[in-house]
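I opened this notebook to record what I looked up, site by site. The structure is set out below.

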Protein chains: 2
Amino acid sequence: VHEPHLQDSFTSLSVDTESLQRQIEELSTFSDSPAPSVTRVLYSEKDVSARRYIKNLMAHSGLAVKEDAVGNIFGRWDGYEPELAPVSTGSHIDAIPYSGKYDGVIGVLGAIEAINVLKRSGFKPKRSLEVILFTSEEPTRFGISCLGSRLLAGSQELAELLKTTVDGQNISFPDAARFAGYENAKDLSSVFLPKGSYSAFIELHIEQGPILEEEAIPIGVVTAIAAPASIKVDFEGNGGHAGAVLMPMRNDAGLAAAELALAVEKHVLDSGSIDTVGTVGILELHPGAINSIPSKAHLEIDTRDINEARRNNVIEKIHNSALNICKKRNVKLSEFKIVNQDPPALSDDSIVKATESACQELNLSYRKMISRAYHDSLFMARISPMGMIFIPCYKGYSHKPEEFAAPKDIANGVRVLALTLAKLSLS
Amino acid sequence: VHEPHLQDSFTSLSVDTESLQRQIEELSTFSDSPAPSVTRVLYSEKDVSARRYIKNLMAHSGLAVKEDAVGNIFGRWDGYEPELAPVSTGSHIDAIPYSGKYDGVIGVLGAIEAINVLKRSGFKPKRSLEVILFTSEEPTRFGISCLGSRLLAGSQELAELLKTTVDGQNISFPDAARFAGYENAKDLSSVFLPKGSYSAFIELHIEQGPILEEEAIPIGVVTAIAAPASIKVDFEGNGGHAGAVLMPMRNDAGLAAAELALAVEKHVLDSGSIDTVGTVGILELHPGAINSIPSKAHLEIDTRDINEARRNNVIEKIHNSALNICKKRNVKLSEFKIVNQDPPALSDDSIVKATESACQELNLSYRKMISRAYHDSLFMARISPMGMIFIPCYKGYSHKPEEFAAPKDIANGVRVLALTLAKLSLS
Ligand SMILES: [Mn+2]
Ligand SMILES: [Mn+2]
Ligand SMILES: [Mn+2]
Ligand SMILES: [Mn+2]
């Protein structure tokens with residue numbers, strides 16, 4: 001009975017693109033690297049400032065703001081049946097070194113603007129609507145991706161691990177959290193949310209791939225999120241002086257790492273599927289001097305697939321290559337650690353359908369698609385029905401300064417999000 | 001006519017091994033990494049403290065101490081014919097990250113102790129004797145090896161370059177020098193010494209190779225220093241998200257770097273000579289995040305040979321490989337810079353002979369050998385007859401914490417240095 005009203009007012013109202021664009025620019029200035037790149041690392045001064053900026057925006061939109069012990073931020077608009085499980089939406093604002101302005105940000109600023117759109121339309125939510133800013137979707141500082149959403153989803157293992165986790169400067173997780181104003185980051189079980197806390201969770205995000213742009217389709221409705229895995233590898237050799245140690249005497253940990261990086265590429269290509277990807281994004285040599293043979297090498301490997309078994313097969317092959325390289329080069333494999341090996345997640349049918357309806361009612365074409373990047377949605381799916389909305393981005397670029405989404409595409413995404421939230425709120 | 005007297009008193013006196021060992025330990029505590037490793041980078045606080053320590057030792061040994069504009073430190077014992085060109089000896093005390101206690105240090109502390117030995121023996125120098133501490137033999141901070149000795153040898157090119165050289169933190173060379181108390185590091189021509197400033201230069205150093213230890217020979221008399229070259233390489237690709245960019249769309253700068261590192265090894269081995277070496281000691285990825293395809297990779301390559309043409313041929317092949325990798329992987333070779341490509345240096349016959357005589361008179365067996373590592377001696381050879389004395393070190397280890405030379409071997413080296421200095425002083 002509410003539907004017709006909703007639809008009428010909704011098509012008559014539009015997104016405040018000007019404000020939203022200004023907010024995207026303002027948020028991008030909280031960065032530790034020069035524009036146009038963005039670097040915003042968990043619990044840094046810039047991250048704390050950016051969080052304050054978001055809390056102010058939430059308050060300005062009339063949302064009731066609260067934070068949990070690790071800094072997941074919740075902005076709630078109470079529904080007229082507040083005892084029902086709320087509908088939630090959100091994303092992250094942390095940015096890996098030298099990345100862009102849109103990854104995650106669109107799903108936070110866009111969600112707040114979706115609330116504004118609904119408010120301006122005169123819409124009254126039945127289920128409460130909640131905007132969530134997730135802490136540390138990116139693994140930059142502590143090597144753990146989706147830290148906030150994993151904890152929300154009740155990862156006891158992670159809560160334990162974080163008590164003793166340190167960053168590259170040997171700063172512990174609780175100390176880093178304290179620096180950012182989160183004093184209670186020692187007892188992380190307070191962060192866990194029981195299954196059923198939300199009736200739905202939906203995240204708006206740039207595609208981070210080229211498909212929507214190439215096909216000129218404004219909206220992607222995500223049906224599944226690819227299964228990511230990450231691996232840390234350490235090789236050790238004897239090192240020594242680059243002039244004095246003759247070639248047959250060497251066991252160069254850096255060359256072992258170089259071989260493994262190329263082996264990762266080979267095994268991924270050998271999978272035979274376009275959907276298998278693998279990346280060595282971190283490769284560090286110790287001591288890292290031009291005249292010193294590397295005595296240690298550290299690699300971090302990311303591999304993903306929409307097929308979990310195929311991805312795990314690649315991991316197995318990478319491990320075998322690491323062992324063979326050690327034998328051949330007489331270096332030691334001092335670590336081969338699968339840091340995470342998450343299963344893929346499927347979107348909930350009811351959310352997919354609500355999003356499709358929203359697109360149809362807004363006269364926006366869409367396609368169903370798979371998310372090859374992972375998101376906080378992957379973990380929210382453990383405690384809530386989940387869905388995602390993708391918008392096109394320039395050449396599929398992400399995680400670099402050239403990342404870009406057009407204002408019109410962002411506005412379309414916000415409209416679809418707003419209408420989907422409205423539908424889910426009333427259901 | 002002085003010779004018989006010299007020899008008699010000399011064999012009767014010995015090195016103060018206890019003091020010398022204590023000094024080696026004390027100097028090793030001026031370090032920015034935990035013991036047993038040593039990290040002492042040019043113009044750091046620890047470097048400044050270590051320099052003060054050496055100047056105090058020099059003064060304590062009755063040497064007249066002075067410093068030039070870049071912090072080369074000279075401790076002089078005036079001879080009785082002070083108008084003659086002095087005989088000089090010395091080495092460096094800077095240490096690359098996570099290295100050891102002996103590289104360079106033995107040639108500075110050992111030289112001061114050689115002066116003490118001569119003083120206690122009652123020896124009076126004819127030519128003045130001078131101990132030199134060279135600034136930044138290691139290229140750690142500004143990427144330039146043998147910075148102090150290159151300048152002493154009159155490198156106008158380097159003096160110009162240093163006006164605009166910055167370190168990894170974007171601190172300029174003159175600013176860094178000012179921090180260490182060297183206010184005049186803008187006009188570096190004051191550092192140049194004319195050819196003929198010394199009648200001889202001789203450096204005591206650990207072998208940094210396994211030969212003397214394996215053959216149980218206490219002294220190596222160096223006849224030539226291998227020709228070093230260093231190269232900086234930068235690859236650039238498009239980067240992107242490690243989950244979203246499919247494999248055929250990638251141009252991964254990190255994999256280009258991995259291939260080049262392996263190509264360096266291949267070309268060096270293909271030279272067919274045991275004397276050709278090549279090392280990738282630095283390999284850095286940008287942005288350096290596990291979920292980001294490397295958009296930039298930086299390598300620093302060191303290659304050396306006792307045969308200059310053969311080494312230059314390896315450099316040529318490395319360059320061709322870099323170009324081919326770029327073509328194959330569709331990455332850009334944004335830099336391929338040969339930072340230095342020095343010619344080898346031959347020891348002076350008269351110094352070799354004086355060192356051989358000293359060994360014979362001290363009843364120490366010796367062998368002639370080539371230095372595969374380079375040293376300040378390589379550049380002092382441009383303005384002075386040059387020679388080097390090597391002592392054995394544990395397994396040939398250097399540039400790592402396990403670097404070690406036995407007290408007895410150090411004492412032998414100091415005795416040979418002292419007697420050689422005495423002979424050269426009288427000649
Ligand atoms: Mn991201
Ligand atoms: Mn994201
Ligand atoms: Mn060295
Ligand atoms: Mn040295």
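**Entry 1. A serine in a loop**

I looked up A:Ser199 and found it partly exposed, with a relative accessible area of 22%. The scale I used calls a residue buried under 20% relative accessible area, exposed over 50% and partly exposed in between, with a 1.4 Å probe and protein chains only. A:Ser199 sits in the loop that links helix H7 (173-179) to strand E7 (200-206) of chain A. Helices (H or I, at least four residues) and strands (E, at least two) are DSSP runs, numbered from the N terminus.

I then listed its contacts, meaning heavy atoms within 4.5 Å. Beyond its neighbours within four places in sequence, A:Ser199 touches A:Ala85, A:Pro86, A:Val87, A:Arg127, A:Ser384 and A:Pro385. I also noted that 11 Å separate the C-alpha atoms of A:Ser199 and A:Leu426, which are 227 residues apart along the chain.

**Entry 2. Basis of the values**

The model is predicted: local features need pLDDT of at least 70 and side-chain atom pairs count only at pLDDT 80 or more, while totals for chains, interfaces and linings use all residues. Residues are numbered from 1 along each chain as its sequence is written, chains are lettered from A and ligands numbered from 1 in the order in which they are written, and side-chain values use heavy atoms, with hydrogens and water left out.

**Entry 3. The manganese site in chain B**

Which protein donors does the manganese ion (ligand 3) have? I found B:Asp103 (OD), B:Glu138 (OE) and B:His399 (NE2), at 1.9 to 2.3 Å from the ion. Donors here are N, O and S atoms within 2.8 Å of the metal (3.2 Å for Na, K and Ca); water is not among the atoms, so sites may look incomplete. Along the chain, the donors of this ion follow the spacing D-x34-E-x260-H.

B:Asp103 also bridges to the manganese ion (ligand 4), and the two ions lie 3.6 Å apart. B:Asp103 is in the loop between strand E5 (95-99) and helix H4 (105-120) of chain B, and B:His399 in the loop between strand E15 (386-391) and helix H13 (407-426) of chain B, so the pair ties together parts that are 296 residues apart in sequence. I recorded both B:Asp103 and B:His399 as buried.

**Entry 4. A sheet in chain B**

I traced an open sheet of four strands in chain B, in the order E10-E11-E9-E12 with antiparallel pairing. Strands E10 (277-286) and E12 (332-341) of chain B are at the edges with a single partner strand each, so one side of each has no neighbour in the sheet. Two strands pair if DSSP finds at least two bridges between them. Ten bridges join E9 (residues 227-236) to E11 (residues 296-305) of chain B, and B:Phe235 stands opposite B:Ala297 in E11(B).

Helix H9 (residues 253-270) of chain B packs on the sheet, where it touches E9, E10 and E11 of chain B.

**Entry 5. Domains and chains**

Chain A is divided into domain 1 (3-226 + 345-426) and domain 2 (227-341), with bounds from an automatic or database domain assignment. Their centres, taken over C-alpha atoms, are 34 Å apart. The two domains bury about 730 Å² between them, 55% of it on carbon and sulfur atoms. Buried area is the accessible area (1.4 Å probe) that two parts lose on being put together, summed over both.

A:His241, A:Met247 and A:Ile290 supply 14% of the area that chain A buries against chain B, more than any other three residues.

Definitions and conventions. Axes fitted to C-alpha atoms, helices over the stretch in contact; angles between N-to-C directions.
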